[in-house]
Amino acid sequence: MKICFIGTGYVGLVSGVLFADFGNKVICVDNDKAKIDKLKKGIIPIFEPGLDELVLRNYKSKRLLFTTNISKAIKDSDIVFIAVGTPTAKDGVSADLKNVYSVAKIISKNINKYKIVVTKSTVPVCTGDEVEKIIKKNNPVSKFDVVSNPEFLREGEAIRDFRYPDRIVIGSNNLKKTKSVLEKLYAPIVKKGAKFISTTRRSSELIKYAANAFLATKITFINEIANLCEEVGSDVEDIAIGIGTDARIGSRFLRAGPAYGGSCFPKDTKALTKIGNKFRTNMSVVKSVINSNEQRKSLLADKILKILGNPKNKKVGFLGVTFKANTDDMRDTQCLKIFPKLLKKGVKISYYDPTGEKKELKKINYKNNPTEILTNNDLVVIHTEWDEFRSLDFKMVKSKKLKIFDMRNLYQPKNFSNKNITYYSIGRPFNEKKA
Ligand code: UGA
């Protein structure tokens with residue numbers, strides 16, 4: 001099957017490369033020439049463990065092509081995936097769809113035979129209707145169907161998530177014609193156990209937002225329970241196990257932490273409230289999730305200040321600054337909201353991140369390794385759950401007192417044998433835990 005992905009960002013590149021790995025001929029298109037040139041040389045624009053090797057292998061085998069020639073890519077393909085970005089618009093709430101609509105226009109001019117146009121970008125309900133309208137308007141005689149096929153990949157786990165997803169969702173108003181084609185494309189994944197769910201286009205679009213909003217709700221719920229645990233002296237880890245083993249609740253996405261961040265949950269929850277407004281439906285749960293998540297960052301900054309006592313000129317070192325581990329993505333990362341509050345109070349911040357120095361943190365001191373963070377600060381904040389922070393060498397902290405605030409609960413308070421360390425974590429009694 002010949003397919004093309006328009007947009008070689010996170011979604012387009014990962015999906016395109018993996019479809020090629022399943023033996024399809026895939027053309028990955030982008031209007032950023034420098035990016036395409038780099039990809040041809042095997043230089044990957046995003047940080048995703050294992051992706052570079054897959055790109056090289058499939059590019060060498062010629063199953064995977066990179067090009068800026070969008071017209072030819074569309075003409076040469078049976079299935080055209082739209083995988084361009086849909087960032088938050090200027091109003092700060094809705095999804096900006098201008099990239100999707102401009103691609104739809106280009107597609108309309110290059111339909112030379114029947115095509116299935118698939119929106120993989122995260123788009124609000126009814127966007128497929130609009131894409132269909134644009135193509136029809138610009139090319140009334142063209143033969144095509146617009147299908148929604150949302151992605152559920154997590155950054156840092158995208159390859160595994162693509163190969164072994166829980167489900168594939170496709171939404172089409174012409175399932176008779178499109179379902180079998182997409183079933184064939186996804187057959188290698190479905191054979192390994194993924195459910196293939198087909199529905200209407202609008203339902204499929206809504207599934208994506210509902211899924212992200214629900215996961216964000218689950219995280220926010222456990223974060224609020226964690227706050228309560230700190231007050232009543234319970235351990236949120238026990239609560240998560242205690243409720244998560246109920247199959248109706250499920251154990252995943254119940255890790256309390258420093259609020260959800262990243263390029264998806266913050267953007268998609270906001271966009272869902274906007275969709276609700278458009279259809280005169282109050283998404284009150286989602287709105288309250290957004291508020292609670294926003295407040296959490298401020299609450300954590302306050303906790304840091306409380307731990308420090310008098311914060312002026314105190315030194316705080318952050319381990320990890322991205323919104324989660326295994327990514328270099330700084331979009332909506334929690335610390336970007338925490339840092340200004342600390343700086344305002346005269347705190348001196350430094351950080352180390354396994355993916356290197358960040359352009360977003362120009363005024364913050366970067367350190368080259370965790371040791372420099374552990375040995376030069378009054379307080380160390382474990383902000384991101386990288387594996388390399390799971391077995392830190394605390395024995396080196398000998399000469400002075402150090403406080404640790406573990407925002408990911410990577411450690412157990414009882415694990416601390418070094419008397420110079422005072423350990424704080426999330427959702428456990430917010431008292432000093434001296435070993
Ligand atoms: C999320 C979804 O998990 C994917 O299914 C979806 O495809 C993707 O958004 C998207 O819409 O493109 P992602 O943002 O990459 O994926 O990362 P997650 O692993 O979901 O984490 C999001 C945030 O929630 C992170 O800040 C993470 O630290 C936090 N989180 C996650 C928790 O605090 N606790 C948890 O138990 C899980």
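Is Cys126 buried, partly exposed or exposed, and what is the relative accessible area of this residue? Cys126 is buried, at a relative accessible area of 16%, where buried means under 20%, exposed over 50% and partly exposed in between, computed with a 1.4 Å probe and protein chains only.

1. Basis of the note. The structure is a predicted model, in which local features need pLDDT of at least 70 and side-chain atom pairs count only at pLDDT 80 or more, while totals for chains, interfaces and linings use all residues. Residues are numbered from 1 along each chain as its sequence is written, and side-chain values use heavy atoms, with hydrogens and water left out.

2. Backbone at Cys126. Phi of Cys126 is near 90 degrees, a positive value in a residue other than glycine. The residue lies in the loop between strand E5 (115-119) and helix H6 (residues 127-138). Helices (H or I, at least four residues) and strands (E, at least two) are DSSP runs, numbered from the N terminus.

3. Backbone at Asp332. Asp332 also has a positive phi, of about 50 degrees, although it is not a glycine. Its place is in the loop between strand E9 (315-319) and helix H13 (335-344). Asp332 is partly exposed, with a relative accessible area of 33%.

4. Ligand shell. There are 20 residues around the ligand, of which Leu153, Glu155, Lys208, Asn212 and Arg408 come nearest; a residue is near a molecule or strand if one of its heavy atoms lies within 4 Å of it. By residue class the shell holds nine nonpolar, three polar and eight charged residues. In this scheme Ala, Val, Leu, Ile, Met, Phe, Trp, Tyr, Cys and Pro count as nonpolar, Asp, Glu, Lys and Arg as charged, and the others, Gly among them, as polar.

5. A backbone N or O atom of Leu153 lies 2.7 Å from an oxygen atom of the ligand. Taken alone the ligand exposes 710 Å², and the protein buries 95% of that; accessible areas come from the Shrake-Rupley method with a 1.4 Å probe, and for residues only the protein chains shown count as cover. Helix H9 (201-232) and helix H11 (265-278) are the elements that give two or more residues to the shell, and H9 gives the most, with three residues.

6. What is the total of salt bridges in the whole structure? The search finds 29, a salt bridge being a side-chain nitrogen of Lys or Arg within 4 Å of a carboxyl oxygen of Asp or Glu. In one of them Glu132 pairs with Arg201, the closest N and O atoms being 2.8 Å apart. Glu132 lies in H6 and Arg201 in H9, so the pair ties together parts that are 69 residues apart in sequence. Glu132 is partly exposed at 23% relative accessible area, whereas Arg201 is buried at 2%. Both residues belong to a network of salt bridges that links Asp129, Glu132, Lys136, Arg201 and Arg202.

7. Salt bridge within a helix. Glu294 and Lys297 meet through their side chains at 3.1 Å, N to O. They are three residues apart in helix H12 (residues 284-308) and are therefore separated by about one helical turn. Glu294 is partly exposed at 35% relative accessibility, while Lys297 is buried at 3%.

8. Cysteines. The count of disulfides comes to zero, a disulfide being a pair of cysteine sulfur atoms within 2.5 Å. For Cys4 the nearest cysteine sulfur, that of Cys28, is 8.8 Å away, and Cys4 is buried at 0% relative accessible area. The sulfur of Cys335 is 17 Å from the closest cysteine sulfur, in Cys264, which is too far for a bond. Cys335 is likewise buried, at 0% relative accessibility.

9. Asn24. This residue lies in the loop between helix H1 (10-21) and strand E2 (25-29), and Asn24 is buried at 9% relative accessibility. A polar atom of the Asn24 side chain lies 2.9 Å from the backbone oxygen of Phe19.

Conventions:
Polar contact = N/O pair within 3.5 Å; in protein donor to acceptor, adjacent residues only side chain to side chain.
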